[in-house]
Amino acid sequence: MTRNRLWTPAVMLLAGTALLALLLALQARGHVSGSGLDLWGRTLLANARLIAIDDILTAFPPLSYLGSIVLASLFPWLGPTTPSLLAAMLGGVLVGGWFATLRDNGFGRWAAPAATLLLGANPLFLRAVAEGPAFVLLHWGVWLLALGMFQLRRGHRVNDIILIALALVLIGLSHPLGLVLTFAVLPFLALVMPPDRLRDAPAAAFLVLLFPLLFTAASFLYVNWIFGGAPLHFLDTLSRETAGLGTGAETNLADDGLRGLHPALLAAIGIIAACPIGVSMFVRTSGMPPLRFAVLALLGWLVSATILAALFDLLPSPALVAGLGVPLAAACAVRWPHERPARRETLLLLLAGMIGALVLSMADDSSETHRWRRAALGQPVPPPDPDLAELAVVLKQHDGILFDAEAAPAVVALRGRAAGIFSAETQAFQLAGLGSGGDAKVLVVRNHASSFGSDRIGRMFPELYDLGRPGYVRVFDSERWRVYARREKAPL
Amino acid sequence: MAELTASDSWTGDFLAEQGLITLAQLNEASSLALRWGTSLPDVLLARSWIDADTYYATLAARFGMDYVRLRDTPPDPALLRESDVTNYMRELTVPWQVRDGRLHIATARPGPEAIVYIRRTWGPEVALVVTTKPDVQRAVQDIYSERFSHAAVFDLAERDPVMSAQTVFTPGQLLFGWAAATVGAIALALHPIATLIVLNLIMSLFYLGNFVFKAILIWAGGSQQHARAREIESAVRMLRDEDLPIYTVLVPMFREPDVLPILANALRKLDYPTSKLDIKIVLEEGDHETIDAAVRLGLEGIFEIIRVPPSQPQTKPKACNYAFRFARGDYLVIFDAEDKPEPDQLKKVVVAFNQSPDNVACVQCRLNYYNRDENWLTRMFTLDYSLWFDLMLPGLEQLRVPIPLGGTSNHFRMDVLRELHAWDPFNVTEDADLGIRMTQKGYEVRLVDSTTFEEANVSQKNWVRQRSRWIKGYMQTFLVHIRRPVHLLRTTGTLGALGFVFFIGGTMLSGLLNPVFWAIFAIWAITQTTALDSLFPPILLYLALFNLLAGNGLFMFLMMLAPFRRRWLQLTPFSLTVIWYWALMSAAAWKGAWQLVTKPFYWEKTHHGLSKHTAAEVAQAVREQQAA
């Protein structure tokens, strides 16, 4: 066993532990990301069997969800730290992977740990880990894709095709933003394909790169058809809240026009700021078309995906998007063509990326990044969605709650348990669907006029939000949610 | 510029002076001899510019020796020794007869070198006679025909019976199989659903292991390929002809006279000095049409024709086992009749052997097809072979899993081949078996990036026949090497044994099981029946569904990757039609399984020469020969 192979697990363990410690410290100051809460809520519902296994299998995005369910089933005592642990583990292994590839590619005994530290401690990477496992998986995907794209035109190896193809699957299944990323990459793949193959059979060249993604998508639709009755069944259970996009997109072009593009522009600039090594590599690789085209394709891809995400109204906070520049920087460092083995220039560029990331994380005023920044600076942190937090406080005191929990799983996470909820899969919920209301002591309904529209309770009882229900009294009221509790009969 | 040897120069001048050849023929033969790296007389004889009888009789007269035809007055068998056969064939010199109390030695290459050799071997008192090269070769074959014929069939079975497929199922295997069937029957009778679930689970886990293993193989195989190929190519450029060893090329053929010109042309194009090539065309004694065609083409001048006496089983390995005993090379390679090896293949292999540790006993080259664009089947077959040879076998090599050798273009060290008693004539994929046997005996197989192009089957019926033989052979190989599981594990390691099970066992078993699962899936998908629900409890259902989707998707993807290396991406879209190819494979698997029981040693002959490309190749080969 080489020294490298001995050190890599140690780096993974160290990085994973440090990341977990950081996440726990953030949690202690009140920071849990909206998507983290959402994930934990759905995990609680799944493990309490309040979500049917068919709905678990058809859920999108599946990877972080399945990972969290498996981890929570194996180690139930972990409780709400489960998503954090998953994110820290994935992050730790990723950092270990960076270290191993840096060592394999000629980084010296000091240069490799230094570069790994500059990448692993990058504020935007830490922000991604704090967001939850889904975004760490996106980082994985970007890193693997970048490694494959850098090498494909140079080495003509099938391994690089496999890397690209599997990275696209990983990106597509990790996060809704991944769908935009996989769509955005299409034109840029042409830049990294060996020209002779592309000239001879362009359609086949794209087919081989995209087949796993297309086949996975078709399989996902098929699984939805089998278990959900329709190929697009997952859309029924997908809401912005469950998709990990937080309480709303960061852009709203319809309302704000071009000003709505500001977060996208910030994110795009942030990508460059987090990855100055990419820009430098583009400049330094004249005369090396495989590397130059690859770095151009990768930077162009991330920037284009940012704009597309904004246009599709799917842009998360700019710091998260800009953070995708960090795994790209890691790949650039590995493939950097000059200056071995001291790597001073590479390290300086990674340091510049770290400073850029710091500036960007300060400049991003989105609510989630703002909360994260406050927690990181030791300041009190407001809840991610005060409306849901208050709702959870109310529901903590009750059992026998008829609640479309899948529409707002964060409430379950904030409530701390799924027991006592009649969610969509329970008999009580289905009886309620017959119009009786069943035995529910508490009814929770979402405002049909809210940006998310009606939940399933609202669809069953269209007038419940506005008019309430006979025998029930309103105990909670907000613009999005109302809670009605059954009026207790006065003792005789 | 290279020149003819003194002996050849003298011979040429002498024949021209005698008026036996023209000056124009002498000039052309001289340049051909230099180009081919062979001797002048060989060229003259191959071109039929001089009759063999005339040539050797003239030569005998020149040296004042008798000229004898060994066909009419054969050597005395008592004077020959089996252990010297290689020397007889190498030196073209044999003890002939004792006449007047004096041993007479017959030689087909009279000259100073032969005289030195003869005196060193048999002493100074012997007398010499001249004979022809084919006569020496034929006479030695005739004398040892019976002994070698027996050895060709039974050597392995008699000396290393546990490694021979002569016994298809050992008593232990039969007992185990019967006991398993009994336990299964009892379990089915008592707990039918639970038993079926367990069987289902085992098969699902096997599928999962199978495709995960193959994915790992592809990844491992792709890692270091290019670097090694470049290393070997640069070492080939450093080779000097005089350092090259003698190389035996065996070409077993059976009723394939039409493809002989392709073979002759391809062998002549080999970038290897002809004088160091020992090419043997191995023909069944009764195959007169091919023998006559070879003689008509004048191949005997350069290639030796080995006539294999009739015996059962009539298989390619038996023919090779017979022929390799006459080989005089340090290395040996097998090519099929329609093969077109890349010209530098032998040199690359020599380099690979030179660079490898001593326990590397075989080098396998890649196989692929020259008629890949002929029809759907040839395209799929090309994808299949590209996946196998370009991606999977390098993975096996990288992970040190036993490599089942491919049908041709496997190059052996002769000493190891002899030690292992060569091929198993009872195994219809004798090369695959030999690869595994080598690993079990502590030897290694390496791969070299050089391709031999063959004719892909153009007919589905013919393809199923060929594939059924391969799968039957894999079953034989699996049964042979699983006889001693602990020994297998000890000699190949855990990964090697697992790899053997998944690669050999998986290939044949998936062909057998696929139709079962396809049928279950089709019934369920069409009828939406709930009758099967009890066999698929949730976890198993998800596993089976994962296998169905991920497994099929992965294998299609791997098929798509296969042509990338060779820049044949236009074949990639055909991977989407691989389902029918798998169906054909399953048909072949069931046919092979049936034959394993009914006709285990029957050799399903693949008919070559059906391709339009082959006809064109033959025409081109004839043209090139004439032009040469």
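**Notes on the sheet of chain B and the fold of chain A**

1. In chain B, strand β3 (residues 102-107) runs antiparallel to β2(B), and six bridges join the two. Within this pair, R99(B) has R102(B) of β3(B) as its bridge partner. Please keep in mind throughout that this is a predicted model.

2. These two strands belong to an open sheet of four strands in chain B, ordered β1-β4-β3-β2, in which the pairing is mixed. The edges are taken by β1 (66-67) and β2 (93-99) of chain B, each of which has a single partner strand, so one side of each is left without a neighbour in the sheet.

3. A helix of chain B, α6 (residues 112-122), packs on this sheet and touches β2, β3 and β4 (127-130) of that chain. The direction of helix α6(B) makes about 140 degrees with that of β3(B).

4. Turning to chain A, the secondary structure comprises 27 helices and five strands. The radius of gyration of chain A is 24 Å, close to the 23 Å that the globule rule gives for 492 residues, so the chain is as compact as a globular protein of that length. Along the principal axes, the C-alpha trace of chain A spans about 90 × 50 × 50 Å.

5. How much of chain A is buried? Of the 492 residues in chain A, 55% are buried. As for the contacts in chain A with a separation of 6 or more, 72% are accounted for by residues 24 or more positions apart.

How values were computed. Residues numbered from 1 in each chain as written. Chains lettered and ligands numbered in written order. Predicted model: local features only at pLDDT ≥ 70, side-chain atom pairs only at ≥ 80, totals over all residues. Pairing = 2+ DSSP bridges. Contact = placed C-beta atoms within 7 Å. Axes fitted to C-alpha atoms, helices over the stretch in contact; angles between N-to-C directions. Rg over C-alpha atoms; globule rule 2.2 N^0.38 Å. Buried ≥ 20, exposed ≤ 12 C-beta atoms within 10 Å, placed from the backbone.
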